[in-house]
Number of protein chains: 2
Amino acid sequence: MSTTAVIGSGGWGTTFAAVLAEASPEEEVRIWGRSPVVCSEINEQRRNSRYLPGVKLPANLRATTDMAAAARDAAILAVALPSQAVGQAIAPLRGALRPGAIVVSLMKGIEAESGRLMSEVLAQTLDVPYRHVAVVSGPNLAGEIAARQPTTTVVASVEPATASRVAEACATTYFRPYTNADIVGVELGGAVKNVIALAVGIARGAGYGDNTIASIITRGLAETTRLGTAMGAHPETFAGLAGMGDLVATCASPLSRNNTLGGRIGQGMSLAEATAATGGTAEGVTSCVSVLELARRYDVEMPISEAVAGVLHHGVPLRDMPHALLSRPRRAERD
Amino acid sequence: MSTTAVIGSGGWGTTFAAVLAEASPEEEVRIWGRSPVVCSEINEQRRNSRYLPGVKLPANLRATTDMAAAARDAAILAVALPSQAVGQAIAPLRGALRPGAIVVSLMKGIEAESGRLMSEVLAQTLDVPYRHVAVVSGPNLAGEIAARQPTTTVVASVEPATASRVAEACATTYFRPYTNADIVGVELGGAVKNVIALAVGIARGAGYGDNTIASIITRGLAETTRLGTAMGAHPETFAGLAGMGDLVATCASPLSRNNTLGGRIGQGMSLAEATAATGGTAEGVTSCVSVLELARRYDVEMPISEAVAGVLHHGVPLRDMPHALLSRPRRAERD
């Protein structure tokens, strides 16, 4: 039996739970949510109107506010919580998982305090061997998957058998997982993506066109690849679905929080004003600081991430931002 | 003295001529156009209202319908003509160029009849040594550059001194060239891009969302990279501004002809109907056939280009297209 469960009932957690439920219609898939209102709505009306308006959820999805009960029998436990809160939130599950359980990160971020990637936070907090940890990432805008639009994704784990088991559990006609052993590359691609999406949002908000945006996306992925390879990741991962694919989907989407918040900064709002207008922060706001710490540790230049951190956190004027992108003319492209 | 000239007064030819003119305000930059009306408008009103509506052109741009006169003294001669017509159109210039002249391709395509890239067509037709040929390509939507939006571009030549001279001739505050020695990679990236843009247009026209589009873009660039490396190009070129950058800018732009024509196919029009509605064909319609010939010659799988050729030229039903993208589930990403 391969019972599966998801911790987190936001847009992506609920969508991934629905994918798991559709992939195994005979099984009950459990989902934990903090809010009793959201949980009752999932159980009674098969909806999560706050995070996935208009989407009908499968009948074999069961929501609960009892995290230990949701996790107890899960052979595969996926976690989708805000990256800065996850360590504390799941600490009570330590020692409470089924032996041999696989833990899956659906999150994209770096824990600010420790500099750890989400897979490391999960493995260490839950005391699960790293070979039983996987990461799911790709061009995966939740609303489109919930609407059963076809997409691809990447399931990464250092242990191929772990990646294959997770891929099998979530494969449906419209959700197509590829496996990859480069977990660091897949996670880093996701975390830095949020920073690049902020840069794209800022540029768009400030009125720049598609050429500038495409340059930022391209050079943003290039600096992500530089950092990743310095950290031992495989450069091809960044050219793949969890690197370029995720970045391109996010930057095309008006629904991305990083994109939206960046757009407001680009229009001239302060970070506080933009956060208020967006109804909360975005992952990239915190991640950009952690990304730059990694860049310093591994001695890698990341001009776009630096420009984002400069504008958001260090009072660098908006008008200096294009400079970060275009400041190295007439050089060889690969320098 | 570094007199420059552009052959071709469409949107991109006129824009690049304007960039050259702004980069060297003391020089006269010549531009050849077939149409006396377009040439007089450029000379008398500093406009090209047919191809660049709303744009004011620099005063040191001089248009002529006499191709030999335009090319005669040029130290740098850039060519922007339809890729299937260029060989015949420039044949009269053979032997008529200034000794040592550099010839620059602004075109993206493969000559159907011969399978040659544009740089090869230029070198052979004009009898110019290949080390004096360069290619300019990047995230370069003409309208945005004409509006002086900041962008980056790539100037490629097998001879670094050639690339540097062209880069110097076109560098302005808003147009920032990087040099690259991988001319095959830069050209192939541009040619296959048009095919991927058709695929993206078709998918969008058929109602697919940003996840699917991002998957097509990512896997389209991956198949371009496979073909390019088999042909001796450098894989990093495809991750750069002339590969990913150009592809992302084109696929974001509603003004791209390949995108637009693809969209109409995706909505159910035949190729003939879509071509009529678009007011002419798009480069990718011909290129996809030549790209697949290269793929066969170099024994490379290109499922997205095949799907495009299938739908456009071989009566494959539209509904089978997503299959090409998603047909290899639960495999390792790099297989």
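H14(A) comprises residues 283–297 and reaches 21 Å from its first C-alpha to its last, close to the 21 Å expected at 1.5 Å a residue. Just after H14(A), a positive phi of about 60° is found at Asp299(A).

The model is predicted: local features need pLDDT of at least 70, side-chain atom pairs count only at pLDDT 80 or more, and totals for chains, interfaces and linings use all residues. Residues are numbered from 1 along each chain as its sequence is written, and chains are lettered from A in the order in which they are written.

Chain A also contains an open sheet of eight strands with mixed pairing, in the order E3-E2-E1-E4-E5-E6-E7-E8; strands pair if DSSP finds at least two bridges between them. Its edge strands are E3 (61–64) and E8 (175–180) of chain A, each pairing on one side only. Strands E1 (residues 4–7) and E2 (residues 29–32) of chain A run parallel and are joined by three bridges, with Val6(A) opposite Ile31(A).

Chain B is superposed on chain A by a rotation of 180° with 0.0 Å of shift along its axis (RMSD 0.0 Å), by least squares on the C-alpha atoms of residues with pLDDT of at least 70 in both. This is the relation of a two-fold axis.

Terms used:
Side-chain values use heavy atoms; hydrogens and water are left out. Helices (H or I, at least four residues) and strands (E, at least two) are DSSP runs, numbered from the N terminus. The expected span of a helix is 1.5 Å times one less than its number of residues.
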